[in-house]
Amino acid sequence: TGDRVVRQPGGDHCFLGRADRQLKVRGYRVDPVEVERHLQALELVGAAAVTARDYGDGDVRLVAHLVPPPGRLADPDWREEAIGQARQRLAEALPASLCPSVYETRQTLPLTANGKADLAALAALTSTSDQTSDNPEPDDNGSPAGQIAAIWRSVLDTDDFGTDDDFFDLGGTSLTLIRMFEQVNDNFGLRMDVQVLLDGVTVSALSSAVEAASSQGTPSPISEMAVE
C-alpha cells in the first residue's frame with residue numbers, strides 16, 4: 001500500500017507515514033515525483049520540485065518550484081516562458097488533478113545535506129513576486145475592478161496579475177472560486193448568480209458583471225448551479 005507502520009506489542013499497528021511522497025489533494029492521490037519528472041524534462045527547466053500548500057478550509061494546492069538551467073537567470077522573461085511551457089506540457093501529459101495550481105520560480109532550490117531538494121524548506125518559503133503580465137494592472141481607486149482585485153489578492157495570496165488574467169491560471173480552484181464570488185457579492189451587496197462567470201473568470205469580466213447587476217437596482221436571484 002505504500003504506508004509505513006510499526007506493529008505494537010498488543011498487535012495494533014501505528015501509522016508512521018508514507019514510504020513514498022504521495023499526497024492527497026482535493027480528494028485525489030497525487031505522486032509529486034511523476035509531476036517533477038515531466039517538469040525536469042523541459043528544456044527551460046534546470047530543476048523542479050513539487051509540494052502541496054494548504055490555504056485553509058480544505059483548499060490544498062500543488063505548487064511547482066522551478067529553477068532555470070545552469071547559466072541562465074530566473075528573470076521575468078525566463079519565468080513567463082518556462083511556466084507557459086510547463087503548463088502546456090503537463091496539460092497534455094497529465095490529468096488535471098496532477099497539474100499544479102501555483103508556479104514559483106527561484107534561482108536555486110534549497111538542498112539537504114545529501115544534495116536533494118529540501119522539500120520542508122521549500123514548503124516554508126513564500127512565493128517570489130516576479131510574475132509579469134501584458135495586461136494592465138488593476139487599480140485600487142475604489143472602482144469595482146479595484147475592489148475585486150483586492151479580494152483576489154486576499155483569496156489567491158498573490159498581487160501579480162492583470163485585469164484580464166484568468167483566475168484559474170493564477171492558482172484558483174473551485175473552492176477559492178466560490179469563496180471569492182461570495183466575497184464579491186457581499187462587498188457590493190449583490191446576489192449575482194455564478195453563471196455570470198461562464199464566459200471567463202477575470203477581474204475585467206467580473207467588474208462588468210458587478211456594474212450590470214448594480215445598474216438593475218435589484219439583486220439577481222441565485223440559482224442552485226454547482227461549480228465543478
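**Cores and sheet of a predicted model**

Reader: In this predicted model, which residues of the largest nonpolar core touch the most other members?

Author: The largest nonpolar core of the predicted model holds 24 residues. Those that touch the most other members of this core are Ile148, Trp152, Phe167, Met180, Val184, Met192 and Leu206.

Reader: Which helix gives the largest share of this core?

Author: At least two residues of the core come from each of helix 4 (144-156), helix 5 (174-188) and helix 6 (203-216). The largest share amounts to six residues, and the element that supplies them is helix 4.

Reader: How many residues make up the other core, which lies apart from this one?

Author: Val25, Ala48, Val60 and Cys99 are among the members of this other core. Its total is 23 residues.

Reader: Which strands stand at the edges of the open sheet, and why is one side of each left without a neighbour?

Author: The open sheet consists of three strands in the order 5-6-7, with mixed pairing.

Reader: Which residue of strand 7 is the bridge partner of valine 63?

Author: Strand 6, which spans residues 60-67, pairs with strand 7 in the parallel sense, and four bridges join them. Within strand 7, the bridge partner of valine 63 is valine 102.

Reader: What angle does the direction of helix 1 make with that of strand 5?

Author: Helix 1, residues 32-40, packs on the sheet and touches both strand 5 and strand 6. Its direction and that of strand 5 make an angle of about 140°.

Conventions
Residues are numbered from 1 along each chain as its sequence is written. This is a predicted model: local features need pLDDT of at least 70, side-chain atom pairs count only at pLDDT 80 or more; totals for chains, interfaces and linings use all residues. Side-chain values use heavy atoms; hydrogens and water are left out. Two strands pair if DSSP finds at least two bridges between them. Contact means heavy atoms within 4.5 Å. Axes are lines fitted to C-alpha atoms, for helices over the stretch in contact, and angles run from 0 to 180 degrees between N-to-C directions. A nonpolar core is a set of buried Ala, Val, Leu, Ile, Met, Phe, Trp, Tyr and Cys residues joined through side-chain atoms within 4.5 Å. Buried means under 20% relative accessible area, exposed over 50%, partly exposed in between (1.4 Å probe, protein chains only).
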